[in-house]
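Thank you for making time for this; I would like to walk through one structure with you, moving from its surface to its helix packing and then to its charged pairs. Please keep the sequence and the model in view while I speak.

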Amino acid sequence: MTSASPSLAPLSEAAAEPSALAEISQETLALTRRLFVQLIRRPSTLVAGVLQPLIWLVLFGALFAKAPQGLLPGGGSYGRFLGAGVIVFTAFSAALNAGLPVMFDREFGFLNRLLVAPLRSRSSIVLASVLYITSLALVQSLAIVVTAALLGYGWPGASGLLLVLITLLLLVFAVTALSLGLAFALPGHIELIAVIFVANLPLLFASTALAPLSFMPTWLGWLAALNPLTFAIEPIRAAYAGNFQLNRIFTDVVLQAPYGSLTAASCLAILAALALGLFLAIRPLLDRKLT
């Protein structure tokens, strides 16, 4: 009885070994699952992330419920106008907190354990954070979308909902990249929380979330027209305009900025460029910190 050819052993071992992509995916899903387990153990994070914008939506919508018709561009109720701003603010706030789990892992030493673990790629640490925050932000934002519909502020429809999801994804990717960069650049969570608190409300008020550009003084109108939140708010607001069709994102103007008119496609392109630019900007920092 002859023995098996030894040349077949390496081939069988290579065939049995999972691909690099499969290993990275497995590592990413495992690290993402860990973050969701932490969320399940501390659900107050999710509850607070949904409750705060809900309060904004209900209170501000009621506060301006008797605003004169025609006060806002294009008419309509203030609640519908506000809905887009609250949806974007919810996703923005969730993404801005993306760096906190990484920062706590740094301070408690868990990140060092990951760095000495036999990971196929340490990029899975970053990918897990992005996947977790993206899922969390979308869940919170969709809760606001449903609540706004129940309050009578409208529903974007199938095509409009797709535009909402695409816009939120681009915004979340951009802000998550910024937050992760801060998590590795700042010395501790106190500094990161301070940056979050300082940036959160000013960026909200210096956008079109609460008021149109026509209501603002010139200097604030310029700031709002350059604010990334505005580039996310206006396409979503257009999705709620009624009878929205995706083929109109290249033609219908959604933002009359001081420097010119922008369509929904232009706003999405700006958000995509911002997300790509921020991820490329933090990549050298991540390479240094994760090696």
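This is a predicted model: local features need pLDDT of at least 70, side-chain atom pairs count only at pLDDT 80 or more; totals for chains, interfaces and linings use all residues.

Let me begin on the surface, where V47, L51, I55, V58, L59 and L151 form a nonpolar patch with about 520 Å² of accessible area together. A patch here is built from residues with over 30% relative accessible area and no salt bridge, with like charges joined within 9 Å and nonpolar side chains (Val, Leu, Ile, Met, Phe, Trp, Tyr) within 5 Å. The accessible areas come from the Shrake-Rupley method with a 1.4 Å probe, and for residues only the protein chains shown count as cover.

Residues are numbered from 1 along each chain as its sequence is written, and side-chain values use heavy atoms, with hydrogens and water left out.

I55 sits in helix 3, which covers residues 44-63, and helices (H or I, at least four residues) and strands (E, at least two) are DSSP runs, numbered from the N terminus. I55 counts as partly exposed because its relative accessibility is 42%, given that buried means under 20% relative accessible area, exposed over 50%, and partly exposed in between, with a 1.4 Å probe and protein chains only. L59 also has its place in helix 3, and at 53% relative accessibility L59 counts as exposed. From L59 to G79 the sequence separation is 20 residues, and their C-alpha atoms are 9.7 Å apart.

Once its neighbours within four places in sequence are set aside, V50 is in contact with Q140, A143 and I144, where contact means heavy atoms within 4.5 Å.

Now to the overall picture. The protein has twelve helices and two strands, and, read from the N terminus, its elements run α-α-α-α-α-α-α-α-α-α-α-β-β-α. The C-alpha trace spans about 95 × 45 × 35 Å along its principal axes. Of the 291 residues, 44% are buried, and the accessible surface comes to about 15,100 Å², with 69% of that belonging to carbon and sulfur atoms. Among contacts with a separation of 6 or more, 79% are between residues 24 or more positions apart.

Helix 8 contributes G160, L163, V164, T167, L168 and L171 to the contact, and helix 11 contributes P228, L229, A232, P235, I236 and A239.

A264 touches P235, I249, D252 and V254, not counting residues up to four places away in sequence, and A264 is buried, with a relative accessible area of 3%.

Finally, how many salt bridges does the structure hold? There are two, a salt bridge being a side-chain nitrogen of Lys or Arg within 4 Å of a carboxyl oxygen of Asp or Glu. One joins R34 to D105, with the closest N and O atoms 2.8 Å apart. R34 lies in helix 2 and D105 in helix 5 (residues 99-108), so this pair ties together parts that are 71 residues apart in sequence. R34 is partly exposed, with a relative accessible area of 22%, whereas D105 counts as buried at 13% relative accessibility.

In the other, the side chains of R237 and E234 meet at 3.0 Å, N to O. Because R237 and E234 are three residues apart in helix 11, they are separated by about one helical turn. Both R237 and E234 are buried.
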